[in-house]
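Me: I would like to learn how to read a structure like this one, feature by feature. Could you give me the general idea each time, and then the case at hand?

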Amino acid sequence: MISIPDPAQLELLFLIFLRISAMFIMIPLFGERTVPVRVKAGLSIILTLIIFPLIPASSLPAISENTLVLFMKIAGEVMIGLLIGLIGRFIFVGIQLCGQIIGFQMGFAIANIVDPVTSTQVSIIAELYYLIAILLFLTFDMHQVFIAAIVESFSIIPPYGFRMKGEIAQALVVYSSNLFLVAVKIGAPVIAALTLLNVSLAIIARTVPQINIFIVGFPLQIMTGLLFIGLGSAMFTVGIDKLFNQMAGQIMTMLRLVP
């Protein structure tokens, strides 16, 4: 005899799937356009089935029969997953911004490529930094941080427990503004070296006008940029590691602001 599933359990299963799938849409690597939708859906379903037994169906509060209220409660579950993934997305945007600044200083602004992730033109250096950051993301097992965060979110924020507050918007503004700080910190050695080179070339152009500074400057900028990118690779790795460690704390701070 086929047993009828408990409606409360089906409702809980649906809410867990919504929160997890929203996270997979936003987090780095798994949320990119190049990752097939079937892969994202499959990972969401697998993780949902793993987390489902850990959360009792009795934790579901009584929900209003008002359709609008029900829709807003469901949208809140999606927002929780998006907030978790958005923190990691801010860091990767900062890394790409760092590459954009360096590429512009090296003279690669006219040699942009199409980023398959965002379908926009980005600097070659920005794409290089992004790919390195993705490899470090997997090397440091940072995907496990997001899985742990989504599991922990159900103990911090019960189903239908999302509350939009001013503190959440304020935290998002702070974290999004930090991406400029991230870009400067990571690219500081290369940016400083290229800035000093440009100042030196400007002085030479004023003192020795016979030198065609454009012919001499472009190869020097590219060579100096690549040289300092290579010399600063160890610092880049350490900086990315620190950012990833901060990201884990930022995710938990954001979750504690919600209920």
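Reply: Let us begin with burial, where a residue counts as buried if its relative accessible area is under 20%. Phe 236, at 7% relative accessibility, therefore counts as buried, and Tyr 129, at 5%, counts as buried as well. Please keep in mind that this is a predicted model.

Me: How many residues does the protein have, and what percentage of them count as buried?

Reply: The protein has 259 residues, of which 40% count as buried, and it exposes about 14,000 Å², with carbon and sulfur atoms supplying 72% of that area.

Me: Where is confidence lowest in the protein, and where is it highest?

Reply: Where pLDDT is low, the predicted coordinates should not be read in detail. Here the mean pLDDT of the protein is 84, and 90% of its residues reach 70 or more; confidence is lowest in strand β1 (residues 113-114), at a mean of 59, and highest in helix α2 (residues 37-51), at 90.

Me: Which helices and strands follow one another along the sequence?

Reply: The protein contains 8 helices and 2 strands, arranged along the sequence in the pattern α-α-α-β-β-α-α-α-α-α.

Me: How many aromatic pairs are there, and how are the rings of Tyr 129 and Phe 236 placed?

Reply: A pair of aromatic rings is described by the distance of the centres and the angle of the planes. The count comes to 8 aromatic pairs. In the one formed by Tyr 129 and Phe 236, the ring centres are 4.7 Å apart and the planes stand at 35°, so the pair is tilted. This pair links distant parts of the chain, since Tyr 129 belongs to helix α4 (residues 124-139) and Phe 236 to helix α8 (residues 233-257), 107 residues apart. Elsewhere, Phe 92, Tyr 130, Phe 137, Phe 140, Phe 146 and Phe 244 form one aromatic cluster.

Me: Which side chains meet Arg 19, and over which ring does its charged end sit?

Reply: Side chains of opposite charge can pair when their charged atoms come close. A search of the whole structure finds 2 salt bridges. One of them joins Glu 77 and Arg 19 at 2.6 Å, N to O, linking helix α3 (residues 67-106) with helix α1 (residues 7-26) across 58 residues. Glu 77 is buried at a relative accessible area of 0%, and Arg 19 is likewise buried at 0%. The charged end of Arg 19 also sits over the ring of Phe 154, 4.1 Å from its centre.

Me: Where do Glu 32 and Arg 89 lie?

Reply: The side chains of Glu 32 and Arg 89 meet in a salt bridge at 3.3 Å, N to O. Glu 32 lies in the loop between α1 and α2 and Arg 89 in helix α3, so the pair ties together parts that are 57 residues apart in sequence. Both residues, Glu 32 and Arg 89, are buried.

Technical notes. Residues are numbered from 1 along each chain as its sequence is written. This is a predicted model: local features need pLDDT of at least 70, side-chain atom pairs count only at pLDDT 80 or more; totals for chains, interfaces and linings use all residues. Side-chain values use heavy atoms; hydrogens and water are left out. Helices (H or I, at least four residues) and strands (E, at least two) are DSSP runs, numbered from the N terminus. Buried means under 20% relative accessible area, exposed over 50%, partly exposed in between (1.4 Å probe, protein chains only). Accessible areas come from the Shrake-Rupley method with a 1.4 Å probe; for residues, only the protein chains shown count as cover. pLDDT is the predictor's confidence in each residue, from 0 to 100. Rings of Phe, Tyr and Trp (its six-membered ring) pair if their centres lie within 6.5 Å; planes under 30 degrees apart count as stacked, over 60 as edge-to-face and the rest as tilted. A charge sits over a ring if NZ of Lys or CZ of Arg is within 6 Å of the ring centre and within 35 degrees of the ring normal. A salt bridge is a side-chain nitrogen of Lys or Arg within 4 Å of a carboxyl oxygen of Asp or Glu.
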